[in-house]
Amino acid sequence: MPTHASRRTLLAAAALAAATAAGASAAGGGDHAPDDARSPGEDPGRRPDRARLRHVVARMSLAEKVGQLFVSRAYGHSATDPDPVDAEKNQEMFGVRTAAELVSRYHLGGIVYFAWAHNTRTPHQIAALSGGLQQAALTTGARIPLLLSTDQEHGAVARIGRPATLLPGAMALGAAGSTAAARRAARIAGSELAAMGIRQDYAPVADVNVNPANPVIGVRSFGSDPRAVAAMVVAQVRGYQGAGVAATAKHFPGHGDTETDSHVGLPVMRHTRATWEELDEPPFRAAVEAGVDAVMTAHIVFPALDPSGDPATLSRPIVTGLLRERLGFQGVVVTDALDMAGVRQKYGDDRVPVLALLAGCDQLLNPPDLGLAHRSVLAAVEAGELTQDRIEESVLRILELKSRRGLFDEAHPTSAEVDATVGIREHLDAADAIAAATTTLLADPRGLVPIDAKAAPRLLVTGTDPVSPTGTTGPPTAVLARELTALGCRATAVAPSRAVAAAAGQAAVLVCTYNVPEGESPQHTLVADLVATGVPVIVLAVRNPYDPARLPACAAELATYSWTDVEMRAAARVLTGTLRPAGRLPVPVPGRYPLGHGLT
């Protein structure tokens with residue numbers, strides 16, 4: 001990572017010189033006031049000079065233009081010195097050994113970071129990787145800075161873990177019901193991403209989750225009320241973009257009522273056009289009106305919107321007809337990842353990127369075979385299936401986004417920025433304060449909550465311990481037991497196999513549940529057996545809040561919407577009365593609780 005101003009200035013000047021050679025600097029404007037000082041719908045980013053950016057595009061080769069459309073994965077923690085296993089993976093996948101070589105070979109417009117690709121070990125390492133990648137982009141080819149991105153939704157989906165700040169996810173924020181808190185969370189998240197060189201976040205989720213069986217959205221959604229979801233989406237768009245990071249509303253035209261995960265299959269949305277307009281459209285319309293930088297498409301079939309059977313990502317009636325023309329969106333349209341099964345079932349990997357561009361998409365995210373995808377787009381242009389004008393239209397949008405987010409001014413993060421921003425005490429305290437209003441007390445028929453911690457009660461904590469989204473938190477039962485003990489209780493975490501035998505003599509047993517299925521299941525059996533001991537049982541649904549309706553009635557029921565440490569700390573405080581329960585269900589629990597339910 002660059003640490004000297006002279007090196008940063010030199011590389012920034014390289015990008016500036018490339019644009020100047022084409023006519024002038026691509027950057028517009030200067031420093032901007034905080035977004036809170038601007039009118040509600042105004043984008044706080046820099047204003048791109050479209051005419052000057054057109055000159056930049058005109059000087060690029062066709063291969064460089066096509067490269068700008070692609071956002072690829074790359075393996076390794078370093079741009080130039082990856083671990084041997086990552087170098088071998090890059091060689092296998094891309095024919096190069098380093099991420100820097102990958103950027104140079106394909107003239108890439110962006111790189112997407114993943115933990116499984118070993119991109120996100122520590123904040124300083126991420127910033128160094130970002131700096132090395134930008135150096136590769138700014139010293140080769142068209143010398144256009146990269147738009148580095150990741151999925152940092154928080155809650156159930158996050159790629160960067162501690163010591164960065166981890167915040168409540170969407171449904172937890174929906175339970176709190178505060179747009180100010182949602183905006184503050186996004187502002188904190190965005191400022192930390194920007195400090196590490198990441199200027200596009202694939203968040204917020206704008207899907208309205210109305211299907212308890214939805215396997216891929218669930219708690220990633222703010223809720224089931226389209227107006228409430230729209231308000232939260234707008235708040236987060238303004239928070240991210242106020243921090244200098246491009247927000248991305250996803251997954252258009254709406255993924256909230258599907259029963260198939262598009263990572264492994266092709267979901268079908270059965271909503272009518274009228275239902276779509278009433279339920280699915282409002283959050284996306286609100287995001288567009290709020291000036292969202294990007295919208296991500298969904299790999300779903302939506303017969304009422306396009307009867308062709310093509311997934312939305314490849315559908316011109318959906319991407320161009322609805323998103324561009326009906327909603328008036330003029331920003332960047334990014335596909336969901338092109339290695340997902342949902343977009344690969346009907347067409348081959350050579351056709352998918354071409355069809356996505358014909359549909360109206362701009363950024364092609366993570367194709368499974370980058371070389372094939374790049375060649376296919378070039379061939380489509382040479383054959384006349386895609387015109388040069390169509391390619392340049394998307395490249396211009398991408399360059400405008402990069403300019404708006406200041407990448408032509410300064411693309412390189414610094415160690416000082418990381419130290420001053422990422423995981424600082426102010427942000428960690430804010431995360432706890434935001435989480436304090438999210439825990440929902442669903443039922444407490446025996447008045448068990450709050451537990452009197454001053455009496456030092458013996459508590460048993462057990463249940464499901466899902467894997468940490470980032471690999472840096474949890475396990476939730478241990479975290480909950482630790483936090484309860486810190487508050488004065490005598491809490492012990494035990495495995496489910498030992499819980500029934502250990503229940504005797506406990507003041508209560510707390511069971512963490514995770515997406516309990518309908519009917520009999522190991523989680524149902526565990527709760528039933530614990531209830532049968534006569535010891536009060538408190539259930540904490542640590543992901544989807546639908547669990548209590550699928551379990552025997554318990555002494556108390558709570559929903560946390562996530563199993564990360566920040567939510568477990570909040571739950572412990574609610575259980576002991578340190579906090580008053582304030583969350584309200586942002587979705588109904590069929591057969592048990594209505595939308596908006598929550599005890600105080």
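Modeller: Two strands pair if DSSP finds at least two bridges between them. Keep that cut-off in mind, and keep in mind that this is a predicted model.

Start with strand β14, residues 556-559. Strand β13, residues 537-541, pairs with β14 in the parallel sense, over four bridges. Strand β9, residues 440-443, also pairs with β14, but in the antiparallel sense and over three bridges. Both pairings therefore meet the cut-off of at least two bridges.

Now look at A559 in β14. A541 stands opposite A559. T440 stands opposite A559 too.

What about the faces of β14? Both are covered. A556 and L558 are buried on one side. E557 and A559 are buried on the other.

Next comes the loop. T560 lies between β14 and α20, which spans residues 565-575. T560 has a relative accessible area of 0%, so T560 counts as buried. Which residues does T560 touch, leaving out those up to four places away in sequence? They are A172, L540, A541, V542, E567, M568 and A571. For a distance across the fold, take Q523. It sits 37 residues from T560 along the chain, and their C-alpha atoms are separated by 17 Å.

W563 is in this loop as well, between β14 and α20. W563 is buried, with a relative accessible area of 3%.

That brings in the rings. The structure holds six aromatic pairs. One of them is F114 with W116, which is stacked: 4.5 Å centre to centre, with 20° between the planes. W563 forms another kind of pair with Y514, edge-to-face, at 5.2 Å centre to centre and 80° between the planes. Y514 lies in the loop between β12 (508-513) and α19 (522-532), and W563 in the loop between β14 and α20, so this pair ties together parts that are 49 residues apart in sequence.

F114 is buried, at 8% relative accessible area. W116 is partly exposed, at 46%. Ring pairs also link F114 and W116 with Y75 and F94 into a cluster.

Two further buried positions are worth a look. Where is V494? It is in the loop between β11 (490-493) and α18 (496-502). V494 is buried, at 9% relative accessible area. Neighbours within four places in sequence aside, V494 is in contact with L460, V461, T462 and A499. A100 lies 394 residues from V494 along the chain, and their C-alpha atoms are separated by 47 Å.

The other position is S376, in helix α13, residues 370-382. Is S376 buried or exposed? S376 is buried, with a relative accessible area of 12%. Beyond its neighbours within four places in sequence, S376 is in contact with D350 and V354.

To return to the part you asked about: β14 pairs with β13 in the parallel sense and with β9 in the antiparallel sense. Both its faces are covered.

Notes:
Residues are numbered from 1 along each chain as its sequence is written. This is a predicted model: local features need pLDDT of at least 70, side-chain atom pairs count only at pLDDT 80 or more; totals for chains, interfaces and linings use all residues. Side-chain values use heavy atoms; hydrogens and water are left out. Helices (H or I, at least four residues) and strands (E, at least two) are DSSP runs, numbered from the N terminus. Buried means under 20% relative accessible area, exposed over 50%, partly exposed in between (1.4 Å probe, protein chains only). Contact means heavy atoms within 4.5 Å. Rings of Phe, Tyr and Trp (its six-membered ring) pair if their centres lie within 6.5 Å; planes under 30 degrees apart count as stacked, over 60 as edge-to-face and the rest as tilted.
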